[in-house]
Amino acid sequence: MSFRIERPEPHGGRLIERVVTDPARGKKMAKGCPALDIKPTLDENGVPVRNVYREIMSVCYGFFSPVEGSMKEAELARVLKERRLLNDWIFPYPILFDVSEEDHKKLGVTAGDRILLRLKGEPFAILDIEEIYRIDPLEVATKTFGTPEDNPEVVKEAFNKKHPGWVIYKSMHPVIYAGKFTIINEPKLRPPFDRFWFPPRKCREEFDRRGWRTVIAHQTRNVPHVGHEFLMKNAAYTGDSEPCHGILVNAIIGVKRKGDYPDEAIVEGHEAVNLGGYIKPERHMVSILLWDMRYGNPLESMLHGIVRQNMGCTHHMFGRDHAAVGEYYDMWATQILWGKGIPSFGFPKPITEVPYGLKIRPQNMLEFWYCPKCGEIAYSGNCNHSKEKQKFSGSFIRGMVSEGVFPPPVIFRPEVYKVAVKWWKVFGYPFVTPKYLIAREKELEVDLPHMDV
């Protein structure tokens with residue numbers, strides 16, 4: 001017996017779209033506003049770890065619906081305690097526009113004022129200030145990710161400066177401007193990111209054009225190895241009436257930890273999977289999300305579910321150590337959240353079963369590896385040769401790539417390897433380095449039209 005799966009509505013019931021496409025109207029909205037240049041968040045060594053413009057883009061184009069701007073103090077407190085917005089919809093992370101005490105003093109603004117935010121020297125967005133308050137960045141960083149004492153179900157060790165997401169919040173300025181963002185000068189995505197830019201409304205329209213009623217999302221911050229490819233192929237068989245019509249790869253574009261692949265290699269590496277015919281292009285689509293990754297495992301998965309539901313996906317695949325770094329969380333924490341809930345984070349039941357929760361369906365997956373005895377890619381429990389299994393280790397593959405060794409095709413497609421080498425030649429090293437992050441901060445992923453205000 002078959003049944004029809006309906007595409008879920010956006011989280012919160014409607015897509016947030018706060019982008020002015022008429023330049024004349026944008027100029028009028030910005031006229032006379034005090035201006036502030038958007039600056040990167042820097043770690044203790046002066047290396048960029050975040051640029052809030054990415055959050056503004058993701059808010060205004062609807063990826064983070066129903067969030068509309070920088071959070072008020074009461075909303076921040078509720079998110080940290082219950083992972084809910086003031087309107088009750090679940091949301092995992094603080095979204096904050098922070099400024100230094102020096103910039104706050106220079107601006108001289110108060111609640112009720114409007115400021116113009118400039119990016120790369122051009123007008124970009126406005127922030128209508130509803131509230132100004134101060135935070136303790138260390139406290140926010142700690143409460144954002146949890147502690148072994150407060151969240152014993154999934155947190156295994158205390159977060160510290162080795163965790164990139166914790167560093168982002170710890171490095172924020174203490175003054176917070178709360179209020180709604182509006183983009184008044186629409187940016188243009190730079191190559192190669194421009195061809196992967198599918199904001200939620202455009203993405204849903206593309207699904208309709210392709211005739212995709214069911215779509216499963218694949219989260220990535222990585223150039224794909226064959227294990228990722230098999231995850232996509234097999235997770236798409238969701239156990240419903242038919243395989244998903246489409247697979248949406250949604251790559252995180254923004255600051256990443258040292259040792260991850262450059263963003264350019266990530267998107268083109270996934271594109272190479274369908275250009276090489278390993279997954280049919282008719283059911284595989286690569287897209288991007290602008291976000292400085294927090295590496296928050298179960299919390300990050302909640303954000304991913306929100307984003308991909310807003311983009312129109314019906315399902316989301318989750319494996320072990322989803323969006324994680326180190327051993328701060330239980331490696332199956334994401335599947336615990338989606339499978340039975342995490343009470344200490346405010347979810348006594350799966351986040352698809354709580355009021356104001358998510359409608360996207362989880363597809364929890366175990367592991368793929370290469371089984372030399374079977375001579376094929378194996379899935380957990382499908383053969384009895386676990387002692388012989390050879391795991392798809394991302395760090396092992398990166399080690400081979402960094403030495404200039406072409407990994408065997410059974411673990412790394414040659415077309416994907418060529419992409420990694422292409423961007424290695426461009427940047428001088430195959431992985432993210434402080435030099436890469438500093439250079440990328442100057443260019444970013446967008447250009448803005450000139451606008452006289």
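Colleague: Which residues line the largest cavity?

Modeller: Keep in mind that this is a predicted model. The lining is made up of Pro48, Arg54, Gly254, Val255, Asp263, Tyr436, Leu437, Arg440 and Glu441.

Colleague: And what volume does the largest cavity have?

Modeller: About 60 Å³.

Colleague: How many cavities of 30 Å³ or more are there?

Modeller: The count comes to 2.

Colleague: Back to the largest cavity: which element gives the largest share of the lining?

Modeller: That's α14, with 4 residues.

Colleague: How does that lining divide into nonpolar, polar and charged?

Modeller: You get 4 nonpolar, 1 polar and 4 charged residues.

Colleague: Where does the second largest pocket lie relative to the domains?

Modeller: Between domain 1 (23-189) and domain 2 (193-441), because both of them give residues to its lining.

Colleague: Changing topic: at what angle do α9 and α13 pack?

Modeller: Helix α9 (residues 263-275) and helix α13 (residues 414-427) pack at about 160 degrees, and their axes are 8 Å apart.

Colleague: So are they roughly parallel or roughly antiparallel?

Modeller: Roughly antiparallel, because the cut-off for calling a pair that is an angle over 145 degrees.

Colleague: Is the crossing of α9 and α13 left-handed or right-handed?

Modeller: Right-handed.

Colleague: Now the backbone. What kind of peptide bond joins Ser65 and Pro66?

Modeller: A cis one, with omega at about 15 degrees. Pro66 sits in the loop between α2 (52-60) and β4 (69-70).

Colleague: And what about the bond that joins Pro191 and Pro192?

Modeller: Pro191 and Pro192 are joined by a cis peptide bond, and omega there is about 0 degrees.

Colleague: Where is Pro192, then?

Modeller: In the loop between β9 (188-189) and α7 (200-210).

Colleague: Last one: what is the phi of Arg83?

Modeller: Arg83 has a positive phi, about 60 degrees, although this residue is not a glycine. You'll find Arg83 in the loop that runs between α3 (73-82) and β5 (97-99).

Colleague: Great, thanks!

Definitions and conventions:
Residues are numbered from 1 along each chain as its sequence is written. This is a predicted model: local features need pLDDT of at least 70, side-chain atom pairs count only at pLDDT 80 or more; totals for chains, interfaces and linings use all residues. Side-chain values use heavy atoms; hydrogens and water are left out. Domain bounds come from an automatic or database domain assignment. On a 1 Å grid over the protein atoms alone, a cavity is a set of points where a 1.4 Å probe fits but cannot get out, and a pocket is an open set with protein on both sides within 12 Å along at least five of seven lines; lining residues have an atom within 4 Å of a point. Grid points are joined across faces, edges and corners, and a volume is the space filled by probe spheres set on the points. Helices (H or I, at least four residues) and strands (E, at least two) are DSSP runs, numbered from the N terminus. Ala, Val, Leu, Ile, Met, Phe, Trp, Tyr, Cys and Pro count as nonpolar, Asp, Glu, Lys and Arg as charged, and the others, Gly among them, as polar. Axes are lines fitted to C-alpha atoms, for helices over the stretch in contact, and angles run from 0 to 180 degrees between N-to-C directions. Angles under 35 degrees count as roughly parallel, over 145 as roughly antiparallel, 65 to 115 as roughly perpendicular and the rest as oblique. A crossing is left-handed if the near helix is turned anticlockwise from the far one by less than a right angle, and right-handed if clockwise.
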